[in-house]
Amino acid sequence: MKLYINSIAHYLPEQVVTNKFYNDLNNLEDGWIESRTGIKERRKTAEGENTRTMAIDAVARCVPNLPYPIEEIDLIIGATYTPFDTIVTLAHGIQNRFEITNAKVITITSACSSFANAMEIVEGYFAMNKCSKALIVASENNSAYNDESNIKSGHLWGDGAAAVFISKEKTSASDLEILAVDTTGLGNVGKSIEAVTLQPRTGKTNMPYGKDVYIHATQYLVDAIDNILADNDFRIDDVDYLITHQANMRIIENVRKKLDIDPSKVLSNIDKLGNTGCASTPIVLSQNIDKIKIGDLVCISVFGGGYSSGAILLKK
């Protein structure tokens, strides 16, 4: 079945935290963080900002370009592993703020893969004819859960949000068609259940097995891309733009080399934003939406702690 992205936007906090902050805090050498991660700076929420407020701002930026009233949305899916409230979920906060009635409302988490999982859920609801217009909000307030003194992972995380409106019917020539979505759970792989953790009682993100994450992220990002292309009769040469989860520039570059795709086709923001979790790929897509021309094929690939992976194919 066909699905279309009608409008997309993102929100980033104004506060910029450079590597110097972590160099001074953790007594790190200049260049140490960038050489290992590709990160130069990241965004951090200000007082009064959180996962919900960022998502609201992202949605509000979509509304002027939305080809139908926001009240027509009948499915809202929130995606986050850094919630502001675990009872009043991210999606419910959006429903309340924009007064969207008669919508199915759920919030999910599959760590940094959650955007792809959310899109696959939209595909399912549409296929069952239970909904026809959906809103996905992916928002991560990593700084609220981050241990900045953690030398291994404190410097990785950034804050940000994205909003994506999806419909069953094409609404304009600028719509992006969702050709395919596929996700896979990998909880039985490697050190999946201990490599990256965020346990409510501690409230801090921890990544004690970064090497395991690196190895499996590289493998399964590539596998997800290869599989979704093969399943839809495409080759890597057909891809005009590739967006992978923004976890580490070395992972992104390793994936690029394994796929043998030209660097000019790889879209990234990790140098400026760090790892913005499940919001990372839709933020990159939103930042580069004006680059995508009629006929272009875009491939998105995700990998999340736990572990999980997925891929999305888009065409304009």
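Trainee: What makes helix α10 (residues 280-287) mostly covered?

Mentor: This is a predicted model, and in it seven of the eight residues of α10 are buried. The buried residues are Ser280, Thr281, Pro282, Ile283, Val284, Leu285 and Ser286, and each carries that label because its relative accessible area is under 20%.

Trainee: Why is strand β13 (residues 297-304) called largely enclosed by the rest of the structure?

Mentor: Eight of its eight residues are buried, so β13 is described as largely enclosed. In a regular strand the side chains alternate between the two faces of the sheet. For β13 both faces are covered, with Leu297, Cys299, Ser301 and Phe303 buried on one side, and Val298, Ile300, Val302 and Gly304 buried on the other.

Trainee: Is His216 called buried or exposed, and what is the value behind the label?

Mentor: His216 has a relative accessible area of 11%, so it is called buried, the cut-off being under 20%. His216 is placed in helix α7 (residues 210-231). Once its neighbours within four places in sequence are left aside, His216 is in contact with Val189, Gly190, Phe303 and Tyr307.

Trainee: Why are Asn102 and Asp260 called exposed?

Mentor: Exposed requires a relative accessible area over 50%. Asn102 has 75% and is therefore exposed, and Asp260, with 65%, is likewise exposed. Asn102 is found in the loop between α4 (90-98) and β5, while Asp260 is found in the loop between α8 (249-259) and β12. Neither residue is a glycine, yet Asn102 has a positive phi of about 60° and Asp260 has a positive phi of about 55°.

Trainee: What makes strand β6 (residues 133-141) largely enclosed, and how do you know which strands it pairs with?

Mentor: Nine of the nine residues of β6 are buried, so the strand is largely enclosed by the rest of the structure. Lys133, Leu135, Val137, Ser139 and Asn141 are buried on one side, and Ala134, Ile136, Ala138 and Glu140 are buried on the other. Five bridges join β6 to strand β4 (residues 75-79), which runs parallel to it, and Ala79 has Ala138 of β6 as its bridge partner. Nine bridges join β6 to strand β7 (residues 159-167) in the antiparallel sense, with Asn141 having Asp159 of β7 as its bridge partner.

Trainee: What makes β5 and β12 the edge strands of their sheet?

Mentor: The sheet is open and has ten strands, in the order β5-β4-β6-β7-β1-β8-β14-β13-β11-β12, with mixed pairing. Strands β5 (104-108) and β12 (266-267) are its edges, since each pairs on one side only.

Trainee: Why is the chain called as compact as a globular protein of its length?

Mentor: The chain has ten helices and 14 strands. Its radius of gyration is 18 Å, close to the 20 Å that the globule rule gives for 316 residues, so the chain is as compact as a globular protein of that length. Separately, buried residues make up 56% of the 316 residues, and among contacts between residues at least 6 apart in sequence, 77% join residues at least 24 apart.

Terms used
Residues numbered from 1 in each chain as written. Predicted model: local features only at pLDDT ≥ 70, side-chain atom pairs only at ≥ 80, totals over all residues. Heavy atoms only, no water. Helix = DSSP H or I, 4+ residues; strand = E, 2+ residues; numbered from the N terminus. Rg over C-alpha atoms; globule rule 2.2 N^0.38 Å. Buried < 20%, exposed > 50% of the residue type's maximum accessible area, 1.4 Å probe, protein only. Contact = heavy atoms within 4.5 Å. Pairing = 2+ DSSP bridges.
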